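Hi everyone, thanks for coming along. I'd like to walk you through a protein model this morning, so please have a look at the screen.

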Amino acid sequence: MKNAASKNSVWTLAEQHEGKLKRVSFELLARGRILADKLGTELCAVLIGPVIDDETLAELIRRGADTVIAVTDKELQYFCCEAYSAILQVLIKEYRPQIMLAAATTTGRTLMPYTAVKVHAGLTADCTGLDIENGTGLLLQTRPAIGGNIMATIKTPDYKPQMATIRPRSSRPLDEDFGRKGAIIRYSPGDVLPGGAALPKPEKDRVLVSGYRKEAAGFANLEEAEVIIAGGRGIKKGENFRLLQEIAKSLGGETGASRDAVDRGWISYPHQVGLSGKTVSPKLYIGAGISGAIQHLAGIKTSETIVSINTDPEANLHKVADLAIVGDALEVLGELKKRLSARKKSGEASADR
């Protein structure tokens, strides 16, 4: 294995889908860049997956990485924890990073704990905040605890790398800097695995892989949505979430909810926004009938535009909103639906002329 990257650096795990880098790869670099600068060390993005061209990988450098380590092969097209971890373990042993960050996605939540056990490292999951401790240089890892009611700051001083997963959409990517320069180091699995060993497969008695399928057409999740209409206690009952869903669909967005609405059984948990749900960063977030508990506000703080609708003029969500509407959420949303419908009909009429 050629060794051209510095040791004791900060690493982030880049993710891809069908050969395209995911936004979360750039979010992690924004976090990692701050940590690396405080430590006076390099920032390295590690990508494991199918063969990806240099121009695509170069975006990782433009977004903050000093070095990119890419281990690619057609057999790595689909995520397999055992195979990805075997590669990552060798890279960690060779380069000895002091910090390793991944996103709290399906990949990160699976790969990081498995790898942490193999390399005897500490791992803090689902972090919302990261910093470097003065004097020790240790990674301070902040995450919600006790159902999101407190924030705990954790250190793992005895073993390296210090590993953490970070909530997607909890930070914004850095703008591309086309003047940044960096190195791209490429490996094949045979270059990395001892003796050119074959990639490990899932244990047959534990996992049977029958094939892979793509996500359903049109599927979107809250983390990727550009528009979110979320409802809280002020929606009054579960049936009224249909109104939010109709508006969200007309705006090309998704429907979210507060923890209170989910706890009441009005809508399912995958729609929950906040520290005990999903952290989001849409272009437009509309909170309807949501008071704005601190856990909820922490989950939407990077949204570009926040609109709050609530009868209480002192609602916490009003205080952070770009536009605060004091009124009944159902009445305001009902009027919004009428205007959206009128705009759509007007657009269709113009198109027919």
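One term before we start: a residue is called buried here when its relative accessible area is under 20%. And please keep in mind that this is a predicted model.

With that cut-off in hand, let's begin at helix H3. Of its 15 residues, 11 are buried, so the rest of the structure largely encloses H3. Which residues of H3 are the buried ones? They are Cys-81, Glu-82, Ala-83, Tyr-84, Ser-85, Ala-86, Ile-87, Leu-88, Leu-91, Ile-92 and Tyr-95. The length of H3 works out as well: at 1.5 Å a residue we expect a span of 21 Å, and the end C-alpha atoms are 21 Å apart, which agrees. Just after H3 comes Arg-96, which takes a positive phi of about 50°.

Strand E1 (residues 10-14) and strand E4 (residues 43-49) run parallel and are joined by five bridges.

Now a quick stop at a loop. Thr-128 lies between E7 and strand E8 (129-132). Is Thr-128 buried or exposed? Thr-128 has a relative accessible area of 16%, so it is buried. Leaving aside neighbours within four places in sequence, Thr-128 is in contact with Arg-31, Thr-142, Arg-143, Pro-144, Met-151, Arg-167 and Leu-275.

On to another sheet. This open sheet has five strands in the order E14-E13-E15-E16-E17, with parallel pairing. Strand E14 (254-257) and strand E17 (323-326) are at the edges with a single partner strand each, so one side of each lacks a neighbour in the sheet. Neighbouring strands of this sheet are turned by 15° against each other on average, again ignoring direction. Strand E13, residues 227-231, runs parallel to E14, and four bridges join them. Here you can find Gly-231 opposite Ala-257 in E14. Helix H6 (residues 241-250) lies across E13 and E14, and runs at about 140° to E14.

Let me zoom out to finish. The protein has 10 helices and 17 strands. Its radius of gyration is 23 Å, close to the 20 Å that the globule rule gives for 353 residues, so the protein is as compact as a globular protein of that length. The C-alpha trace spans about 65 × 55 × 50 Å along its principal axes. Of the 353 residues, 50% count as buried. The accessible surface comes to about 17,600 Å², and 50% of it belongs to carbon and sulfur atoms. Among contacts between residues at least 6 apart in sequence, 65% join residues at least 24 apart.

Notes. Residues numbered from 1 in each chain as written. Predicted model: local features only at pLDDT ≥ 70, side-chain atom pairs only at ≥ 80, totals over all residues. Heavy atoms only, no water. Pairing = 2+ DSSP bridges. Helix = DSSP H or I, 4+ residues; strand = E, 2+ residues; numbered from the N terminus. Axes fitted to C-alpha atoms, helices over the stretch in contact; angles between N-to-C directions. Contact = heavy atoms within 4.5 Å. Rg over C-alpha atoms; globule rule 2.2 N^0.38 Å. Buried < 20%, exposed > 50% of the residue type's maximum accessible area, 1.4 Å probe, protein only. Areas by Shrake-Rupley, 256 points an atom, 1.4 Å probe, with all protein chains shown as cover. Expected span 1.5 Å × (residues − 1).
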